[in-house]
Amino acid sequence: MTARPNIPAVAPAPLAARIGRQWDADIVPQLVEYIRIPARSPHFDADWAANGHIEAAIRQTEKWVNAQGVEGLVAEIVRIDGRTPVLYFDMPATGGLPSGRSVLFYGHLDKQPEMTGWREGLGPWKPVMEEGRLYGRGGADDGYAVFAALSAVMALDAEGIARPRCVGLIETCEESGSYDLPAYLDHLAPRMGDVQLVVALDSGAGNYEQLWVTTSLRGLVNGTLEVKILEEGVHSGDAGGVVPSSFRIARAILDRIDDSRTGVVGPDAFNCAIPADRLDQARQAAAILGEATWKRFPWASSCCDDQASASIFAEPVTKDPVEVVINRTWRAALAVTGADGLPPTDMAGNVQRPFTTLKLSLRLPPIVDANAAAATFKRILEADPPYGARVAFDYDQAAQGWNAPAIAPWLAAALDAASQGNFGRPAAYMGEGGTIPFMGMLGVKFPNAQMLVTGVLGPKSNAHGPNEFLHVPYAKKVTVATAMVIAAVR
Ligand SMILES: [Zn+2]
């Protein structure tokens, strides 16, 4: 038995009262204003600088941070020429704690594009509060982060609870792969002190009933596959049976990556052995979540009907919660996310089309080398083209996955106390299926820091899709939990 680490006992109730009031009176109205700003990330707004929406979002938050009256707070918008701006803030330690050791908060203000399919009455730039859920683009991913970070710090200060120095880096190109972040980390790290803990409030939650800690993230390769067989379109009656369909060729090529019947991604370069501790945590998360692991998606199929036969799911797409958790976090998955060369259906003639272009998104297990995988992906797709078709794969992003460092006993104890104190349940640990390149970057920059990656993206919150919402009661509790954890940093 190891001794229970000695962390300060912090009562959640007074913090929860303050933080709840601030959320209702101030943070929700701020987020309402923020949701109205179409601050699309640079990948989705090439003219972002001229359009000024990112600028509007960062100015809104800078103004708010500076207005909070935290003693000794310094906050500024930092700009490196030709890059998206960041908001940086720094709040000195309290209660006589050493000034050199710090906690780093991470968040981002840029947003995903609109997407279609918003429910009647909702829209991306239209904030709507409904039963404690604040709908609109960017509230949960990730506008709330900076407000929650400050609120946590302010509640500790108001209650006279000692805390370490807290610095924050809020970027504006996360949804474009954080390509500007390393430059700002290099620029600002010398000002950040000796970072003990990174708190990244930009992740998922398995439910809204406990604190969820993200232990890993998948990597990602995005790219465009073009298959060209003709110089121009021709009559499909004339050419059908003679000229192969460019779509069929693309389909055959994709079968080299994933099995079109099961979705299993075959090549070794896209797979890895799963660490034993992550398997254990996956089993625990699956035991908590059960069928919600797969039922939470907005299925249009009959597979959720209780009578539905399990065979609707071919292996390894499965209803077994443990396998679902592992498939989502430690195995590769391919999606076709866009296409060119295909006219809309109401404009489609009987034409053998000259080419098919598909946008591909390949999720990779956390510890697979993303750059090497991207090169292999290209090699496999372009090798030996069927019918001598012109096949090219260009990738624009190879984002490395991330596997958390071993958790320190004090942090494990603080997380558990925070989850028990706010939810009456232990903290839960699970990988996320998404890709957050900044975690890899932060891990490289602060190799000795502990990492708390958590967030409010729970069931149906639908970041990146239509009907994104911020679950406000949960966000309040995550804010209190964050305060309790940073109070444990020494
Ligand atoms: Zn995000």
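**Exercise 1.** What is the strand order of the open sheet of 3 strands, and what is the sense of its pairing?

*Solution.* Two conventions are needed at the outset. Residues are numbered from 1 along each chain as its sequence is written. This is a predicted model, in which local features need pLDDT of at least 70, side-chain atom pairs count only at pLDDT 80 or more, and totals for chains, interfaces and linings use all residues.

Step 1. The order is β15-β8-β16, with mixed pairing. Strands here are DSSP runs (E, at least two residues) and helices likewise (H or I, at least four), numbered from the N terminus; two strands pair if DSSP finds at least two bridges between them.

Step 2. β15 and β16 each have a single partner strand and stand at the edges, so one side of each lacks a neighbour in the sheet.

Step 3. The pairing of β8 with β16 is parallel and extends over 4 bridges. Thr214 stands opposite Met430 of β16.

**Exercise 2.** Which domains does the assignment give, and which elements supply two or more residues to the side of domain 1 that touches domain 2?

*Solution.* Step 1. Domain 1 covers 12-217 + 401-486, and domain 2 covers 219-281 + 312-399; such bounds come from an automatic or database domain assignment. The C-alpha centres of domain 1 and domain 2 are 33 Å apart.

Step 1. Contact joins 14 residues of domain 1 to 17 residues of domain 2, where two residues are in contact if their C-beta atoms, placed from the backbone, lie within 7 Å.

Step 2. On the side of domain 1 that touches domain 2, the elements giving two or more residues are β8 (212-217), β15 (402-403) and β16 (428-432). β16 gives the most to this side, with 4 residues.

Step 3. By class, this side of domain 1 has 5 nonpolar, 8 polar and 1 charged residues. Ala, Val, Leu, Ile, Met, Phe, Trp, Tyr, Cys and Pro count as nonpolar, Asp, Glu, Lys and Arg as charged, and the others, Gly among them, as polar.

**Exercise 3.** At what angle do α4 and α14 pack, and which residues make the contact?

*Solution.* Step 1. α4 and α14 pack at about 55°, with their axes 8 Å apart. That angle makes α4 oblique to α14; angles under 35 degrees count as roughly parallel, over 145 as roughly antiparallel, 65 to 115 as roughly perpendicular and the rest as oblique.

Step 1. α4 passes α14 in a right-handed crossing. A crossing is right-handed if the near helix is turned clockwise from the far one by less than a right angle, and left-handed if anticlockwise.

Step 2. From α4 come Tyr144, Ala148, Ser151, Ala152, Ala155 and Leu156; from α14 come Ala475, Val478, Thr479, Thr482, Ala483 and Ile486. These residues divide into 9 nonpolar, 3 polar and no charged.

**Exercise 4.** How do the axes of α12 and α14 cross, and by which residues do these helices meet?

*Solution.* Step 1. The axes of α12 (residues 409-423) and α14 (residues 472-486) come within 9 Å and cross at roughly 145°. The crossing is right-handed.

Step 1. Among the α12 residues that meet α14 are Ala414, Leu415 and Phe423, and the α14 residues include Lys477, Val480 and Met484. By class, this contact has 9 nonpolar, 3 polar and 1 charged residues.

Definitions and conventions. Axes fitted to C-alpha atoms, helices over the stretch in contact; angles between N-to-C directions.
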